[in-house]
Every structure is written in structure tokens, then in C-alpha cells.
Number of protein chains: 2
Amino acid sequence: MGNRVAVVGVGMSNFGELWEKNLREITLEAGMMAIFDSQVSGSDIDALVVGNQSAGRFTGQEHLGALAADVGGLGNLPAYSVEAACASGGAAVRQAYMSIKSGEHDTMLVFGCEKMSDVNQSEAMNTISVAADWEWEGMFGATFPALYAFMARRHMLDYGTTEEQLSKVTVKNHANAAHNPFAQFQRPVPLKVVMRSGMLADPIRVLHSSPITDGAAALVMCSEETAKKYTDTPIFIEASTQASDTLALHDRESITEMKAAKISSRQALDRAKVEIKDIDVFELHDSFTISEIMLTEDIGIVEKGQGGPALDEGLTEIGGKFPVNTSGGLKARGHPIGATGVAQIVELTLQLRGECNGRQVDGAQRGMAVNTGGTGATSIVHILGRD
Amino acid sequence: MGNRVAVVGVGMSNFGELWEKNLREITLEAGMMAIFDSQVSGSDIDALVVGNQSAGRFTGQEHLGALAADVGGLGNLPAYSVEAACASGGAAVRQAYMSIKSGEHDTMLVFGCEKMSDVNQSEAMNTISVAADWEWEGMFGATFPALYAFMARRHMLDYGTTEEQLSKVTVKNHANAAHNPFAQFQRPVPLKVVMRSGMLADPIRVLHSSPITDGAAALVMCSEETAKKYTDTPIFIEASTQASDTLALHDRESITEMKAAKISSRQALDRAKVEIKDIDVFELHDSFTISEIMLTEDIGIVEKGQGGPALDEGLTEIGGKFPVNTSGGLKARGHPIGATGVAQIVELTLQLRGECNGRQVDGAQRGMAVNTGGTGATSIVHILGRD
């Protein structure tokens, strides 16, 4: 068991419209917090990786690996970025996991970041579209709300999912975010308000959709041996898996399931040698509320088609049997694209350490994060646990 | 020694202005060629990684991992992109190396690609600038030729390097590219023509600078055990190292050396347990001819300041003691940003297999690739060898 990889430090900037800060400031902020939290010295960090989708378009800056090493005063260590659309953060976590497992690195700083509010909304929508199939979808005007609307409408037709159920995801996640001091929207929102919010692409409304967000999140990850020097309660990565699906939605056998998430979550459960009922807390990629509903089905919390009714029963609330998005999720914590997958791991780590105050899942021992990209063309799953 | 990582297949598209092809076509082309070359079946590939800098700005498409898996018909395997500016290709190779070493993957497809000619030249220059420090350099008009001009001018002042020596790199690399059927410029160019070419940023002329290029390169990499099933002559990665430097040029102690390249090449030689004289063939990052001169010094082929005179002596020509850029280098093979680091490994693999025809280094047993990003803020070094 000496080959395990642990998370020993977490940090994040506030998520929101951070007009007064630039990309390097929020990234530095998250990184410093993770280093302080871990009590690892900056000089013990031997590599870093940044999850980011579109800094080149949002801010005119790529080469974020070298940037983070530079502004962090971390010297000449190896540094690079990884990108897998909205799953870029999860990809960064997974790269660090493999790098440490390979023995090439021992202690790594993992960033996720995105500064989205420095461009106008039209350019922001165009930039987000780089995650779908530009030549077959984006170029013809198929925005992300439009693509997810196809999925939602089909799910409603096939399984009787209702607009009310789509809206209950929002109500739940906003209620959770009210207890998360880093979330973009730290306030509950009534069902009625969600159901009357502006229509983006029928049946998807503004409040069924994650917002434009600036933010950064960071982790210190290291080998088991090193982890035990710094903490008595390292959180271990019990499984890290990834799968892909067709880039374009129209090429899929089914648009009501996320096949990549199905495959990667199944593999993760197998590798961690656990069943879905053994997972105490979940962070699922709710870029749109229909995604959370589909993911609860695809990872096996409920049968296909039962994601809607599960919300009526409160199954995925804190206090329910399978709490989902205790952080507020992408919907209410916010969705700074490249930061999201890392922020999911921040939340699970805090949950497993029992440090989530008003949103704590009692006695949480094991958590799962599902970070998807595009309309589900990428899925990255991590299972975290404590001994 | 059972833990080694090998290159068993190589492929690349033609490098050049490929108006009639899109990013996915050239990527597919390089990948198919690498798979055919390796004789590995597509279904044996268990993950892929893409090195790319700016597809989001150049073509409107990110999420290239899922894209490559999709267009390659490779199914649901894990796929993602890595970015480290002009060293993105080298970063992809290094990620695959670590992933295979970690045991998470066994046989990987590694891509590098960039489609740069679909935007106008002004937008291309702006997009390239994402690799430098946008807030402290690019935003104020410091283009890459301008930044490298500072380095070149200082090198001339401190060490007596001449315009003729800057130009001899071009002459050498074009002469080599004349024997590379995939190169952008397959023709020699006389010294006089280089020295009279248009001035970009004194002392850097058009023909001291790498061109705007479309292109893709690909590798099949796998564990030693698997490699031996497919080939009697696997090429092994004897070392993979990486280092960073400040993003902005003005923050460096010296602008006439590339510290990250110095560190990472030293580490690579140590890990491979060889000395610089044991390396038979080099691919060095000549985005500008001054970079090649500086790198020959920083990796220890010659003493600092002797990079210019080494050209007068023919030390780095094919047939010289330390042949550099037999492929034609970035200058003449072309520089499709994310593809370059992978194309360097393609060239070294072909050299070590003895398949380079008119540009073959006789009896080459070991090669080194140095792939740098920005003005040297990232350096990634690989040493390849055959048993």
C-alpha cells in the first residue's frame, strides 16, 4: 500500500465575478492556501500542473504552468497545463496522480483556474463552445444550453422527467452553497423563482444553468510516505479513472446517458473495490441541472430514468442517502471551467476531514467526484477515502 | 530494467501551409501513420495525449483529446491535452512517459498538432504571444522576434556572436531539411540570401525566424514488455526531464542563457548516466537561430559564448561531432507549435533506427531533444537510445 497518492492540502479563491483580480492573483491565492493548509514547505514541491481550458482566449495568456511557478516563487520546477474542456481540473488531478505514482515526482501542487469575466458575454459563449465540436455544432450556432436542451427534452420524453425536477437540483444546490463561504451564490433560491427564470433553450432556464465564474482551486498531493510526515489524516485517492465519448452529441447512441461517465465510474468503483452504496458524498458535474440528474443515473445511484424522482424523495440532499454537490455544485458554487474539477476534490477532502460546518455529511469516509467535459465527451472520476 | 518506456511507432503529416486540410485531418493522418508504423492495433491503445498550444484561438476548437479519440475511432479511452507553450509537444511525450511508468497505461498514442494558418498574420502573432508574459510583455507590443532580439543583441555584445553566425544556423538547417520529405522548406538557402532577408527586430531577420506552420506529429509509446512484442529495435526513453524559468524575460538573471534548459539537460544526462559526448544527434529548439546557438552552449556542447564559432567550424553539421537539427529544425522543418516537441522525437527515433536517408547520422545510438517554451520559461529534455 506504499504506492498510494494522498491529498494533504486544499485551497481556493472565492468563486464569483472577480473584477478586481487577475488570473495570476486568484491562482496564487488558491495555491498559497493549499500550501499553508498542507504545512508542506514551498521548497518541497517538486512539480506543478494547472487545469485550464481557455486562458488564451479569456485573458491572452497561455503557458500557465510556467506562470504559476513564477508568481508562486517556486523556482525552476517542472510545470505545465492540461486541458480536457470542463474536465480540465479533473485531468490535472489525474495527471498529478499518475506523475506521483510513476515516481517521477513526490509532492505536487495542482491548480485549476479560469478567469471568464474579462470578455463580454458573447465572446464568453463562443469560448465555451470550444469544448463541443466546433465544426459540427458550435459553428452552426449550437450553444451549450441548446445542446443540453436536446438531452433534457429527450430525458423528459423518455422518462417523464419534469421541469420541476430540473428545478429542484437548483434549489438543492443553492441551499448547500448557502453554507459554503467560497461559493458564488451563497443564498437559497425558491422553486418558484427557478421555474420562472428566463428561458435559455427550452426547457433549460437561466437558473438551470451554471454561471460565468472567475475562480481558482488548488491541492497539494504527495506520496503516502510523504503524506504521513505532514498529517495524521491524509485523504487518499482510491481510484482515478477517465473515459471519452464522441465529441459531437449527434454521434452518440443515446443522448440521455453519459457513456463516458458510466464507464469511468464503473472502473473507479472496481479499482477502489467498493460499491456505490459505500460512497458517502458526491460531487457531480451539474453544468446544467439535467447533467446532475443524468449522472445520478449513469454512475448507479439510481436506475436510468429515476434521477428526477430521486429529487422528489430528497435522496441526494444532505441528510439523504446519497448527498450530491454539498459544495453547491457548478450551479451555485460557480463554474470557472478549469477550476471546477479541482474544487470538487477540495470539497470532498474537506468533507472527509469533517470540516464542512453547515454542509457536513456526518461521518463521511469516502467520496466520489465526477467531472465531465463538453456534452460528456470526457469524464474523469476520482474516489477519495480516509483510512 | 523492466520499467522502461519505448517509442515503437512514429508518424507525421507534411509540415507547411495546409490550406486544404483541417486540424482533425492532419492529426488523424499523423496518428494513423504512427499506428501503422508500430504495427500496434488501434484496440491496443489504452490512452492518448495531445500536445497543443492554441487550438482554441487558431481554430475555435479545444477538447482535442476527445476529438482525437473520436476522429481516430479509438473508442472510449482516456484522452486529454497538455500545454506548455512551444514545449507542448515535449510535455505530451513526458506525460505519456509518466503515465506508462505509473502503470496506469501501457500503450499510448501521443499527438502534437497546431493549425496556425487559418487566422491572419496579425492574429497569429497575437496568439503566439500567449506563450510569453502577456501582462508584462505582449500587451506592450513585445512580440517574440522583439524578445529574442534582446537576447541576440546581448549575446553579440557579450560574446562577439555575428550576424553571419546567426545566419549560418539557417543555412545548415535548410540544407538538412532538403533531405526531409516532411519539412516545410525542402531547399537549401544561401548565406547571402539569409543575411539580406527582411529585418523583423534588429538583429533578427525573417530567415532567422521559424515560420507559421500547420502540422501534426504522432508517436506510439509503450512499456518495454509490450515494445518487445512489436519490434526488435524499440527506441527507449532513457531520460525525460523538465524545468521552468521566469515567464518574463526581464526577470531573468541573464538573458544570454536558458537556465531551464541548462537545468533540465543536466538532469537528463545524469538520469541517463551519460555525458554530452555520448549523444550522437540533437534536436534543439531553434524557434529563432539565436536559440539554437544559446542551447548548444547551455546543454554543454560548447562553452558559453562558443555557439557562434562552433558554426564556423561545422561542429553541428551532419558529419560534425555534434549534429544539431538533422530534420531541418523549427527553422526549416517548420514550427506548428504543439507539434514541434513530438516531431523532434519522430526525428530522433528515425535517426536511431537508421532510416533518415540523405540526412542520416552514421551509427547514431543516442539522441537528445530540447523543446523550449516562450523565451525559455519551459524546457523539456528527452534522451532516446537503443540497446
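In helix 10 of chain A, the buried residues are A:Ala260, A:Ala261, A:Lys262, A:Ile263, A:Ser264, A:Ser265, A:Ala268, A:Leu269 and A:Ala272. A residue is buried if 20 or more other C-beta atoms lie within 10 Å of its own, exposed if 12 or fewer, and partly exposed in between, with C-beta atoms placed from the backbone. Helices (H or I, at least four residues) and strands (E, at least two) are DSSP runs, numbered from the N terminus.

This is a predicted model, in which local features need pLDDT of at least 70, side-chain atom pairs count only at pLDDT 80 or more, and totals for chains, interfaces and linings use all residues. Residues are numbered from 1 along each chain as its sequence is written, while chains are lettered from A and ligands numbered from 1 in the order in which they are written.

**Helix 10 of chain A**

- The cover over the buried residues of helix 10 of chain A includes strand 8 (235-244), helix 11 (289-298), strand 10 (366-373) and strand 11 (378-385) of chain A.
- Helix 10 (residues 259-272) of chain A has 14 residues and should span 20 Å at 1.5 Å a residue, which agrees with the 20 Å between its end C-alpha atoms. The expected span is 1.5 Å times one less than the number of residues.

**Chain A as a whole**

- Chain A has 14 helices and 11 strands.
- Of the 387 residues in chain A, 67% are buried.
- A compact globule of 387 residues would have a radius of gyration near 21 Å, and the 19 Å of chain A agrees. This radius is taken over C-alpha atoms, and the globule rule is 2.2 Å times the number of residues to the power 0.38.

**Two domains in chain A**

- The domain assignment gives domain 1 (5-120 + 213-235) and domain 2 (132-210 + 238-385) of chain A; such bounds come from an automatic or database assignment.
- In chain A, 37 residues of domain 1 are in contact with 34 residues of domain 2. Contact means that the C-beta atoms of two residues, placed from the backbone, lie within 7 Å.
- On the side of domain 1 of chain A that touches domain 2 of chain A, helix 4 of chain A gives the most, with 8 residues.

**Chain A against chain B**

- Chain A and chain B each give 48 residues to the contact.
- Elements that give two or more residues to the side of chain A that touches chain B include helix 3 (64-71), strand 3 (79-83) and helix 10 of chain A.
- That side of chain A divides into 20 nonpolar, 20 polar and 8 charged residues. Ala, Val, Leu, Ile, Met, Phe, Trp, Tyr, Cys and Pro count as nonpolar, Asp, Glu, Lys and Arg as charged, and the others, Gly among them, as polar.
- Strand 3 of chain A and strand 3 (residues 79-83) of chain B run antiparallel and are joined by 3 bridges. Two strands pair if DSSP finds at least two bridges between them.
- A:Val82 has B:Val82 as its bridge partner in strand 3 of chain B.

**Inside chain B**

- In strand 7 (residues 214-223) of chain B, 9 of the 10 residues are buried.
- Strand 7 of chain B pairs with strand 1 (residues 5-12) of chain B in the antiparallel sense over 7 bridges, and B:Cys222 is the bridge partner of B:Ala6.
- Strand 4 (residues 107-115) of chain B also runs antiparallel to strand 7 of chain B, with 9 bridges.
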